[in-house]
Amino acid sequence: MKKILFKGFKIFNGTDFLESNEVLVENGKISKIGNDLDCNDAEIIDGFGKILSPGFVDLHAHFRDPGGEWNEDITSGAKAGAAGGFTTLVAMPNTKPAISEPSLVEYVLSHGKAAGASRILPSGCVSKNREGKEMAELLKMAEAGAVFFTDDGSPVATSALLRLALMYTGEDQPRIMEHPEDASLFKGGQVHEGRVSALSGLKGIPAASEEIDVARGIAIVREIGSRIHFTHLSSKNALERIRQAKKEGLNVTCDTTFHHLTLNENAVINSGYNSRYKVNPPLRSIEDQKSLWEGLQDGTIDAIVTDHAPWHLDEKDEPFEDAPFGIASLECAAAVLIDFKDKNYPDVPLELILKKMTSAPASLMPKKWQSLGRIEEGLLADITLIDMERTRVVDCSTWFSKARCCPWEGIALTGWPVMTFVEGKMIWQDDEDL
Ligand SMILES: [Zn+2]
C-alpha cells in the first residue's frame, strides 16, 4: 500500500495541537509523527497551515436502512459522513426491522463496509424489536459488533427493563445509550414548552420530560453500579443532574448535538415555523443553549453528535405539525459548529470542540474502538483535513445524503473539512483543490 506524507499541517492529536507538522502514513496506519521526515517514495500532501485532525467520530446517526432507504441508506449515509469529515458513524437501530438481533447487526456492518466510505458501526436495541417489553440478546449483538445499546427514538420503556439491561452491560460491554424523555410528557408535543409553544399554540414538550428520564437512569446506576450514556441532551436542568452525578462519582456520560449547540427556539419562531427546524428533543430556550456551552467547557458533556436524521423532501417539507422530527446535518455539522463557535464563543478553544468530536466520543465505545479519534504512531490513519479559512454556502442539493433540506441551507459558513481518510485511504475530497 502506498505511503502518504502530510507536510505543513497544524496537527491536532485528539487532545492538543502538536509542535510537529508532519505525519507519515504507511499501510493504513500512522507510522511517524515529526518534522523533516525523510520518505522518498511517499505521495506528499502539503497542508500550507491547514489542520490535520483525527477523523470525526459520531456516536449518533440515523440511516433508514433497512426499511426506509428512500430517506437514506447505509451507502448514502456513509458517503455523507465522509463528506462531513466523519470517519466513524454509529448507526442507530430504530430501523424497520429494528436492529435487535445479531444477524441485523451483521447486516449493518457488511453494508457499511461495502460502501467504502466512513466506517459504520452498528448499535443494537435494548428491547426485542424495540417494543419495550423483553430485553434483546445484548451480549450476542455485542459479539456481532454492536457498540451501543439503545431504543433511541424512544426511552427504554420501563425502569425495570432499563435496570435489567444496565445489569447486563458491565465494564467490557457496550454502553446503554438512553434517549432521555418521559413518554407521557412528550406525547403529541411539537416544540419546546416555553416561548415558542406560547406564541405558536403548538403543543409543547417540557424540559422536565428530559430531566425526569435522566434522573431515572441516574437513580438506577447509583443503586447497581453500572454505567449509562444519555444522548442528545438539550436542557439545563437535565444537564445539572448529570453534573451532580459526575461529582458523586457515578459512571454517567452524555452528549449533545451540533444543532442544540447552535440553534434555539427562536430559530423556529423566526423561520415562521418551518419544518426544517422540527427536531426531537426540540430546540430549547437561549438559556438552555447557553447551559450546553457551559457543560462542554466544564466537562459535563462528553461528546458532540449529529443525530443526523434524514428525510426525503416529500416527507419533511410539510406543514410544521405534519412533518417528522429530525435534522440532517452530516455534511455541514462540523462547519456549522466551527463557524458558530468563532462568532459566538471565540474564547472556547478549538481543541475542546475537536476533542469532543474525536477522542472523547471514541473513548465511550468498547475497547476495540477506543483508540479511534487520535493521531498517534501505530494507530489507524483515520484523518480529516480542515481548512479554517474556507467559506462555503450550504447547498443540500449537492449532498451525498438523500436529505434535501436542513436549517443551514443557503448560509455561508467558514471552517470546513476538505479531505477525509479512513485507514490511510482517501474517501472524500472537496471539489476545490487543497
Ligand atoms: Zn433520540
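Here are some friendly notes on this predicted model, going from the overall build to a few local details.

1. Overall build. The protein has 15 helices and 19 strands. Its radius of gyration is 21 Å, close to the 22 Å that the globule rule gives for 434 residues, so the protein is as compact as a globular protein of that length.

2. Domain 1 puts 29 residues into the contact, and domain 2 puts in 46 residues. On the domain 1 side, at least two residues each come from strand S17 (383–393), strand S18 (412–422) and strand S19 (425–429). Which of these strands is worth looking at for its share? S18 supplies the largest share of that side, with 7 residues. By class, the side of domain 1 that touches domain 2 consists of 18 nonpolar, 7 polar and 4 charged residues.

3. Helices H7 and H8. Two packed helices are described by the angle between their axes and the distance between the axes. For helix H7 (residues 207–224) and helix H8 (residues 236–247), the angle is about 20 degrees and the axes are 8 Å apart. Angles under 35 degrees count as roughly parallel, and H7 and H8 are therefore roughly parallel to each other. The crossing of H7 past H8 is right-handed. From H7, the residues that meet H8 are Ala207, Glu210, Glu211, Val214, Ala215 and Ile218, and their partners in H8 are Asn237, Ala238, Arg241, Ile242 and Ala245. Sorted by class, this contact has 7 nonpolar, 1 polar and 3 charged residues.

4. Helices H1 and H2. Helix H1 (residues 74–83) and helix H2 (residues 102–115) have axes that come within 9 Å and cross at roughly 55 degrees. H1 and H2 are therefore oblique to each other, and their crossing is right-handed. H1 contributes Ile74, Thr75, Ala78 and Lys79 to the contact, and H2 contributes Val108, His111, Gly112 and Ala115. The contact of H1 with H2 divides into 4 nonpolar, 3 polar and 1 charged.

5. Cis peptide bonds. Most residues other than glycine have a negative phi, and most peptide bonds are trans. Another cis bond runs from Asn280 to Pro281, with omega near -5 degrees. Pro281 is placed in the loop between helix H10 (265–270) and helix H11 (286–298).

6. A positive phi. Asp36 is not a glycine, yet its phi is positive, at about 50 degrees. Asp36 is located in the loop between strand S4 (29–34) and strand S5 (42–46).

Technical notes:
Residues are numbered from 1 along each chain as its sequence is written. This is a predicted model: local features need pLDDT of at least 70, side-chain atom pairs count only at pLDDT 80 or more; totals for chains, interfaces and linings use all residues. Two residues are in contact if their C-beta atoms, placed from the backbone, lie within 7 Å. Helices (H or I, at least four residues) and strands (E, at least two) are DSSP runs, numbered from the N terminus. Ala, Val, Leu, Ile, Met, Phe, Trp, Tyr, Cys and Pro count as nonpolar, Asp, Glu, Lys and Arg as charged, and the others, Gly among them, as polar. Axes are lines fitted to C-alpha atoms, for helices over the stretch in contact, and angles run from 0 to 180 degrees between N-to-C directions. Angles under 35 degrees count as roughly parallel, over 145 as roughly antiparallel, 65 to 115 as roughly perpendicular and the rest as oblique. A crossing is left-handed if the near helix is turned anticlockwise from the far one by less than a right angle, and right-handed if clockwise. The radius of gyration is taken over C-alpha atoms; the globule rule is 2.2 Å times the number of residues to the power 0.38.
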